[in-house]
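The following note sets out points for a colleague to consider while inspecting the coordinates. The points may be read in any order.

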Amino acid sequence: MKSALIIGGGFGGLVTGALLAREGFRVRVLEKNHNIGGGLQSFTRQGVYYETGMHILGGFSEGGSVRRIFEYLGIMDKLRIERCNMDCMDEVTYLATGDTYRLPQGREAFTEALYSYFPAERENINRYLQACYDLTEEVDIFYLRPTKSIFTVHGERFMQPADEFIADFIEDPRLRDLLAYMNPMYGGRPGHTPAYIHALINVLYISGQYHFRGRSQHMAELLVSVIYEHGGEVLTNQTVSKVNVVDRNIESVQTASGSVFHADYYISTINLKTLLPLLPEGALPRAYVSRLAEAPVTYSAFILYLAFKPESFPYLDHTGYIQDEYGLIWKHEEYDPDTWPRGIMYLTPPTENQGPWAVRMTINCIMSYDQVRRWEHTTVGRRGDDYEAWKHERAEHIIDKLERVFPDIRKCISSYTTASPLTIRDYYGSPEGALYGYSKDGLDPARTLISPVTKIHNLLLSGQCVNLHGICGVPLTAINTVECILGLNTIVDKINEYCKP
Ligand SMILES: Cc1cc2nc3c(=O)[nH]c(=O)nc-3n(C[C@H](O)[C@H](O)[C@H](O)COP(=O)(O)OP(=O)(O)OC[C@H]3O[C@@H](n4cnc5c(N)ncnc54)[C@H](O)[C@@H]3O)c2cc1C
């Protein structure tokens, strides 16, 4: 029986651990926080619970990749998720013109909706969507198809910057802007973010969008239960502080409390910029270390969590996006304290017994880490009165913006709490509060190209820094990582065999 020690008990660590445990590995997961889950953690304020990170889920439609992975792990039937409104999964509003687009789920319905809003672009819409779906076909793992080669050759559009990709098909600048509305879901940057990321995320959600019903934390707990069921364990309050490497082999890892752990394989799912300083000098090639230490991470966010008075604000069964005006979707990182936020994403996550009234609302606004740099040497709960005042002011700006769409919303709020890029940095150990790990660059793909295999023989990587982030990217990467130990396609073949129609 081989053993695997996993650093980080977020979504990546738990899925990788569950897959390995199911394969007979003796798995131990070390998580620095009191709660497991990373981006799946929930927290409670004044009797209302909220999700820290993941809210919007894709890949769970019938036959979807994420659904099949959860079926294979034996927990799909216990997962509490709810499909968003079929006729309107996302509502996008532009304040300057009052234009509102209600976008349905399913390729056909989504296409029809775009035709109705932009009839003159009918042919362009067809070509654009086809090109998006074609890009996803180049990624076998996205469909859980066995891969023939680990060296995949991609077409010329794969790495094209996403904004240029859209502009190549679409004439109307308003439609170009609208088609990029999911940009904050993948940290899109103009001229850099590759088209394949835009395509994967858009196709994922067009195929079916879900929200958690109740706490997101329960997904983490289900994954933990798989690990325990197969003889593994998940230890919290265990910050890995040192990795002992001898002759390109890890001998042990040490935690801040002084415990030492040994295993045959070590899998790091924490941000690589956090991992690298834990390794002794020379453990990995210098060029590799400096490339990853210097590579840019995605932007961060400021999050406002609202609690509503009873029966005051209606439950919304879709996600909403508010933009100030057309032309800003690629500029959310730009910061002007008076006009920020230029765009927001909001939703009223369903509770276990969701009725017609919303209990809470989560509002995510892109924010660069530069805005909180002056407090970067502070810790949670001890950042000072000026920080609290600044957060309060930012929250008021967001509520002002929400009032433009929901004029009575202020009257419905009973309390609120906020999270800044520093909160994200400190809870997840994510440098600069990066939402999604490294910022991929189509113009310089090698810079953030990270293999699950490293030059340290028994160290593998997983989590959102490797390949894609989020509800779909992280479990697919977990499969890649586990297959680096067990052999190409072993897990994919087993999932397909297990989930045969
Ligand atoms: C605000 C926000 C909103 C998001 N919304 C969505 C969404 O709606 N849909 C979606 O699909 N994705 C969303 N994401 C992305 C998604 O949450 C992540 O891609 C996913 O959770 C990443 O999983 P991970 O395991 O790679 O990293 P994490 O979840 O960050 O887990 C890493 C874990 O490692 C732990 N750790 C760090 N350092 C150490 C150490 N030294 N020792 C031990 N443990 C350590 C951390 O505490 C953490 O628990 C969102 C992310 C954020 C931040």
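**Notes on the predicted model**

1. Strand β7 (residues 90-94) and β8 run antiparallel and are joined by four bridges. This description, like those that follow, refers to a predicted model. Within the pairing, Val92 stands opposite Tyr101 in β8. The hairpin formed by β7 and β8 has five residues between its strands, and Gly98 there takes a positive phi near 80°.

2. Tyr101 and Leu103 form the covered face of β8, whereas Thr100 and Arg102 form the uncovered one. As a general point, side chains in a regular strand alternate between the two faces of the sheet.

3. Strand β9 (residues 210-212) is joined to β5 by two bridges, and the two run antiparallel. Leu57 has Tyr210 in β9 as its bridge partner.

4. Concerning the whole chain, the secondary structure of the protein amounts to 15 helices and 20 strands. The radius of gyration is 22 Å, close to the 23 Å that the globule rule gives for 501 residues, so the protein is as compact as a globular protein of that length. The C-alpha trace spans about 65 × 55 × 45 Å along the principal axes of the protein. Of the 501 residues, 48% are buried. Among contacts with a separation of 6 or more, 72% are between residues 24 or more positions apart.

5. Which residues are closest to the ligand? Gly8, Gly10, Gly38, Gly39 and Gly470 are the closest, in a shell of 36 residues that surround the ligand. Two or more residues of this shell come from each of α1 (11-22), β15 (300-308), α13 (421-428) and α14 (470-486). By class, the shell comprises 15 nonpolar, 19 polar and two charged residues.

6. With 17 residues, α14 reaches 24 Å from its first C-alpha to its last, close to the 24 Å expected at 1.5 Å a residue. The helix α14 is mostly covered, with 14 of its 17 residues buried. Just after α14, Gly487 takes a positive phi of about 115°.

7. The backbone also contains a cis peptide bond, from Trp340 to Pro341, with omega near -5°. Pro341 lies in the loop between β16 (319-323) and β17 (343-347). A colleague preparing the coordinates may wish to examine this bond.

8. Two glutamates have positive phi values and can be considered together. Is Glu311 buried or exposed? Glu311, in the loop between β15 and β16, has a phi near 50°, a positive value in a residue other than glycine. Glu311 is exposed because 11 other C-beta atoms lie within 10 Å, and the cut-off for exposure is 12 or fewer. Glu432 has a phi near 55°, likewise positive in a residue other than glycine, and is found in the loop between α13 and β20 (459-461). Glu432 is buried because 22 other C-beta atoms lie within 10 Å, and the cut-off for burial is 20 or more.

Note on methods: Residues are numbered from 1 along each chain as its sequence is written. This is a predicted model: local features need pLDDT of at least 70, side-chain atom pairs count only at pLDDT 80 or more; totals for chains, interfaces and linings use all residues. A residue is near a molecule or strand if its C-beta atom, placed from the backbone, lies within 6 Å of it. Ala, Val, Leu, Ile, Met, Phe, Trp, Tyr, Cys and Pro count as nonpolar, Asp, Glu, Lys and Arg as charged, and the others, Gly among them, as polar. The radius of gyration is taken over C-alpha atoms; the globule rule is 2.2 Å times the number of residues to the power 0.38. Two residues are in contact if their C-beta atoms, placed from the backbone, lie within 7 Å. The expected span of a helix is 1.5 Å times one less than its number of residues. Two strands pair if DSSP finds at least two bridges between them.
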